[in-house]
Structures are given as structure tokens and as C-alpha cells.
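I opened my notebook on a structure I had not seen before. I wanted its overall build, its helix contacts and its ligand surroundings.

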Amino acid sequence: MSKRFENKIIMVTGASGGLGQQVASGLGEQGASVIALGRNEDGLSATQKHIEELGGRCLCIPFDLTHFDDYGKLFLALKDQVPHLDGLVHCAGSFDRCTPLQYIKADVFRETLDIHLTAPNMLTQIMLPLLRRADAASIVFTSCDMIEDNQNNWHAYGFAKRALGYVAAMWQGEHPDKPYRFNTLNPGRVRTELFKRAYPGLLPTEVPLAESVVPAYLALLSDDNKDLRGQTVNAVDLMANNSITH
Ligand SMILES: NC(=O)c1ccc[n+]([C@@H]2O[C@H](COP(=O)([O-])OP(=O)(O)OC[C@H]3O[C@@H](n4cnc5c(N)ncnc54)[C@H](OP(=O)(O)O)[C@@H]3O)[C@@H](O)[C@H]2O)c1
């Protein structure tokens, strides 16, 4: 029986841990060839091992997404060995702790914008030639509850996540008649290291496992939802609309 993402090549950032690792594994299980980006090589190896055990393929690339001068080299390394990119999933992120705006330090503010806003835009930009080679590529930005909810103390993280809805809309607006599409997904809170750091007062067991929202990413990446273009969607709504139980 053919798998849903057979012959698809999909790049996932943050694939060395947390949500990105689960998305990468879910794609591998469904037959995709995954290009996994992250800094931690042990984490990337674990992702690769898991995908290969599931019968999929995974190319691991240790890469710091805040090293913007290296993006050109990344593209050059891939352009001849990757025939096309059918998907690009932005799952990388980092966040230490909530801090009121009156106390946030400039370097933390700027680093937070770099990983959550500059990196997904610049990686999309540099990978666009590979995404153009696919029949109908899907680019997914990962936002959070701040996309529609004013919450205090999240400084640049909140601003970046709010902006990501506009990011997908702007990319799509600038590419209206192209087969590739851009959308932003709010996964909701899930049990990862980032969650534990950001919500030290909450029990991790109070939120679902990261793997519970993987079907929402797969739905956005699949041709079933190719009419969704430039939208911001919540994982729970998308899974309900696609009749996915979790
Ligand atoms: N967990 C939640 O409740 C929740 C809710 C809403 C949205 N989100 C969003 O979901 C995404 C994934 O979060 P998560 O909870 O899975 O976090 P996580 O468990 O901390 O994982 C973050 C991933 O991003 C990678 N990463 C961080 N900085 C990087 C850098 N400079 N270059 C390359 N990779 C980098 C990390 O790998 P390395 O350390 O190996 O680089 C790791 O693989 C984030 O965008 C987050 O904002 C999370």
C-alpha cells in the first residue's frame, strides 16, 4: 500500500527535539524523505534512527539557524542533490523564560526575533528555488496562542509569533498564482522542553504530547488541503475539519 508522503521531500527545522522531531518522524512514517535541521547532533541522530526504523529516509544537517551567513552554503550543498522540496516545516524555536518588557535585555530580545521571525523568513527565501521545483509545495510556519491572544511577559516571542500569521499571508500575497502555498499553524500547548521552561508552574502532564498535533502538520502539508493558502489555522480546528481524532 502506498504511503501518503511517498516520493515527497520535506525539510523540517527543529527536528532534533520537541515538536519538530515528532513532525519529522510522522512524515518519515508516511514515506517522506525528511531533511532534518537542528544543532544537536545526538538529537538529529535519534530522529534519523527513528525514521529509518519506520522505513523512511532522513538526511540530517546540523545547522544553527541564527547563522544567517551560512544560509547560502546550505542551499549550495542541497541544490544538486535535492531534486525538489515538497514541504518546509518551521518548527525550530527557543525560549528561556517570560520577562516583562520593562526588564528584557536587548540581546535576548534580538535573539528571540532571530530564531522565531528572521530565520523562518530567510530559510523560506533561500529554499524557494527548491520549493518551486515541486508540483505543489507547502510551507508551514509554527505560531502559538499569541497569534490571537494578547498575553503579557512574552516579549519578542509573543511579537514574533503574532507576526507569523502576517508572514504566511504576505508570502502568499506576493506569490498569488503559484502552486506553492504558505500557512501558519498554531499547535497549541504541547509537552516539550520549551513548554517546561516557559511554564515552570504548570505540570507538563497537563498538556498533550507533541505527537498529538502531528496530524495537523501532515494535513497542512498534504494535497488534501491545497486550497488553504496564506491562512492561519489552529491545530485542533484543522484536525476536526479533516476528521482526525486525537
Ligand atoms: N511546546 C509548546 O507548547 C508550543 C506551543 C506553541 C508553539 N510552539 C512552537 O513550536 C516550535 C517547537 O517548539 P518545541 O516546544 O518543540 O521546542 P523545543 O522542544 O525546545 O525544540 C526546539 C527545537 O528547535 C531547535 N532550535 C532551537 N534553536 C535553534 C537554532 N538556533 N538553530 C537551529 N535549531 C534550533 C532545537 O534544536 P537544537 O537545540 O538541536 O538546535 C529543537 O530541535 C517553536 O517554534 C515553538 O515556539 C511550542
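My entries follow, from the whole chain down to single contacts.

**Entry 1: the model and the chain.** I note at the start that this is a predicted model. I looked up the secondary structure and found eight helices and seven strands in the chain. Next I checked the extent. Along the principal axes, the C-alpha atoms fill a box of roughly 50 × 40 × 40 Å. Then I asked what radius of gyration the chain has. I read 17 Å. A compact globule of 246 residues would have a value near 18 Å, so the chain agrees with that.

**Entry 2: around the ligand.** How many residues lie around the ligand, and which come nearest? I found 27 residues there. The nearest are G14, G18, R39, N40 and G93. I then looked up which helices contribute to the shell. Helix α1, residues 18-29, supplies at least two residues, and α6, residues 193-198, also supplies at least two.

**Entry 3: α1 against α7.** Helix α7 covers residues 214-221. The axes of α1 and α7 come within 9 Å and cross at roughly 60°. That angle makes α1 oblique to α7. I noted the hand of this crossing as right-handed. Which residues make the contact? From α1 I listed Q22, V23, G26 and L27. From α7 I listed V214, Y217 and L218. By class, this contact of α1 with α7 has five nonpolar and two polar residues, with no charged ones.

**Entry 4: α4 against α5.** I turned to another helix pair. Helix α4 runs over residues 106-132, and helix α5 over residues 155-174. Their axes come within 8 Å and cross at roughly 15°. Is α4 roughly parallel or oblique to α5? Angles under 35 degrees count as roughly parallel, so α4 is roughly parallel to α5. The crossing of α4 and α5 is right-handed. On the α4 side I wrote down F109, T112, L113, H116, L117, N121 and T124. They meet H155, A156, Y157, A160, K161, A163, V167 and W171 in α5. I sorted the residues of this contact too. They divide into nine nonpolar, five polar and one charged.

Notes
Residues are numbered from 1 along each chain as its sequence is written. This is a predicted model: local features need pLDDT of at least 70, side-chain atom pairs count only at pLDDT 80 or more; totals for chains, interfaces and linings use all residues. Axes are lines fitted to C-alpha atoms, for helices over the stretch in contact, and angles run from 0 to 180 degrees between N-to-C directions. Helices (H or I, at least four residues) and strands (E, at least two) are DSSP runs, numbered from the N terminus. Angles under 35 degrees count as roughly parallel, over 145 as roughly antiparallel, 65 to 115 as roughly perpendicular and the rest as oblique. A crossing is left-handed if the near helix is turned anticlockwise from the far one by less than a right angle, and right-handed if clockwise. Two residues are in contact if their C-beta atoms, placed from the backbone, lie within 7 Å. Ala, Val, Leu, Ile, Met, Phe, Trp, Tyr, Cys and Pro count as nonpolar, Asp, Glu, Lys and Arg as charged, and the others, Gly among them, as polar. A residue is near a molecule or strand if its C-beta atom, placed from the backbone, lies within 6 Å of it. The radius of gyration is taken over C-alpha atoms; the globule rule is 2.2 Å times the number of residues to the power 0.38.
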